[in-house]
Amino acid sequence: MTIIIGSILCTLAGVGVGTFLLPLKYSRSWKWENSWLVGALFMYVLFPILGLKLLVPEFAKIYAQTPAKDIWMVYVFGLVQGSGAYVFTYGTTLMGLALGYSLMISCIALFGLLIPLFGAHADRIAKLDGITLLVGAALLVLGFILAGRAGLAREAEIPDDKKAQRKKVSILLTALVVLWSGFANAMYYFSFEFQQSMKTIAIDKFGVPLYAWGFLNVVPLFLGMFTVNLVLTIIKMTKDGSIKNYWSAPGLGREYVLGVSIGLLWYLGQGVSYPAGQAILGPLGVAVGAALFMGMIMVVSNIAGIRSGEWTGSSPRTMRLLYAAIAALVVATTIIAVGNYLQQHIFSVS
């Protein structure tokens, strides 16, 4: 039952993160960095600290007994990922929600799934959960490629008069955004996999439930992410003169609500559901959870793109590519979830 619950949680995490940028579509008077910084304050600082206090009341004692170098390592991972999260958000404005998610999530998948599998669990490659993870990862990449092709086809079908109104996207800039977003955002998964001292202390000495230890890990990670995002957004708002939007833009109430909504959706997915879910998914929990997480992000983000009108006017062929991508992603996540479940319940987990 715990494997099923963990799979559901990681899938729900994908729903949260797959929709968290949707509020940007409804922003009227703020620049994207205005909304992002408000969302970042809530999802990286306020919500994680509140969640930690509720679920792990003795967190201060656990941090005190954890080697300082391990906490700082997680914080540094957060600094790296913070730049990736900022670039990811910029990438969606550069490439659009559907195409941006397709390209960047595919790159995150390659780093986030394969490095933990080969770097920390090479002994499981020949076992059922490892095999189905690799098969599922291949199908995820296929789904990402199909979604990316659909996005490119959609761009090609935009009328010439509308193309002239859009800013031309540099291929080099797009490549750099995709590669850095992929590597930097994989730090999140590495932080769960490659530091274990905090987890051991929390569970063995303080009796923290397995599902809850991840809340200790995300606080220093998210604080690192917030540090980078705070610096980068302040620099950009100073350069653009958009910092005044916080007190002088029309419709401030609506804009603040949208910013907080960004933070809430993201935190419920990446700050609550994934940390709890991956912890109870077995030996390959980090990688399996990441696959379910990112697969569902892609499914939901593409559906959100359809619902928000991004695909309006696309040809039937383009839409068939998109639907094929969504189908491949659903099949991939199903294979990974079922394989991991069977490994834990039918075969030995050792």
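The legends below describe close-up views of a predicted model.

Residues are numbered from 1 along each chain as its sequence is written, and side-chain values use heavy atoms, with hydrogens and water left out. Because the model is predicted, local features need pLDDT of at least 70 and side-chain atom pairs count only at pLDDT 80 or more, while totals for chains, interfaces and linings use all residues.

**Figure 1. Trp 180 and Phe 183 form a tilted aromatic pair.** A pair of aromatic rings is described by the distance of the centres and the angle of the planes. Rings of Phe, Tyr and Trp (its six-membered ring) pair if their centres lie within 6.5 Å; planes under 30 degrees apart count as stacked, over 60 as edge-to-face and the rest as tilted. The search of the whole structure finds 24 aromatic pairs. Helices (H or I, at least four residues) are DSSP runs, numbered from the N terminus. Trp 180 is partly exposed at 39% relative accessibility, and Phe 183 is partly exposed at 31%. Buried means under 20% relative accessible area, exposed over 50%, and partly exposed in between (1.4 Å probe, protein chains only).

**Figure 2. Phe 192 and Tyr 274 form an edge-to-face pair.** The ring centres of Phe 192 and Tyr 274 lie 5.8 Å apart with the planes at 75°, so the pair is classed as edge-to-face. Distant parts of the chain are linked here: Phe 192 belongs to helix α9 (residues 187–193) and Tyr 274 to helix α13 (residues 252–279), 82 residues apart. Phe 192 is buried, at 2% relative accessible area, and Tyr 274 is buried, at 0%. Both residues belong to one aromatic cluster, whose members also include Phe 20, Trp 36, Tyr 44, Trp 213 and Phe 293.

**Figure 3. Lys 236 and Glu 33 are joined by a salt bridge.** A salt bridge is a side-chain nitrogen of Lys or Arg within 4 Å of a carboxyl oxygen of Asp or Glu. The structure holds six salt bridges. Between Lys 236 and Glu 33 the distance from N to O is 3.6 Å. Lys 236 lies in helix α11 and Glu 33 in helix α2 (residues 32–55), so the pair ties together parts that are 203 residues apart in sequence. Glu 33 is buried, at 0% relative accessibility, whereas Lys 236 is partly exposed, at 24%. A network of salt bridges links Glu 33, Lys 236 and Asp 240.

Figure 4. Ser 242 is buried, with a relative accessibility of 2%. Leaving aside residues up to four places away in sequence, Ser 242 touches Lys 31, Glu 33, Asn 34 and Met 237; contact means heavy atoms within 4.5 Å. Glu 33 is also a member of the salt-bridge network.

**Figure 5. Arg 124 and Asp 129 form a salt bridge between buried residues.** The closest N and O atoms of Arg 124 and Asp 129 are 2.9 Å apart. Arg 124 has a relative accessibility of 2%, and Asp 129 has a relative accessible area of 1%. Another salt bridge joins Lys 61 to Glu 58, with the closest N and O atoms 3.8 Å apart. Glu 58 is partly exposed, at 36% relative accessibility.

**Figure 6. Eight named residues make up a nonpolar surface patch.** The members are Ile 4, Ile 8, Leu 12, Val 15, Val 338, Tyr 341, Leu 342 and Ile 346, with about 640 Å² of accessible area together. Patches are made of residues with over 30% relative accessible area and no salt bridge: like charges are joined within 9 Å, nonpolar side chains (Val, Leu, Ile, Met, Phe, Trp, Tyr) within 5 Å. Accessible areas come from the Shrake-Rupley method with a 1.4 Å probe; for residues, only the protein chains shown count as cover. Helices α1 (2–19) and α15 (316–345) each supply at least two residues, and α1 gives the most, with four. Leu 12, in helix α1, is partly exposed at 46% relative accessibility.
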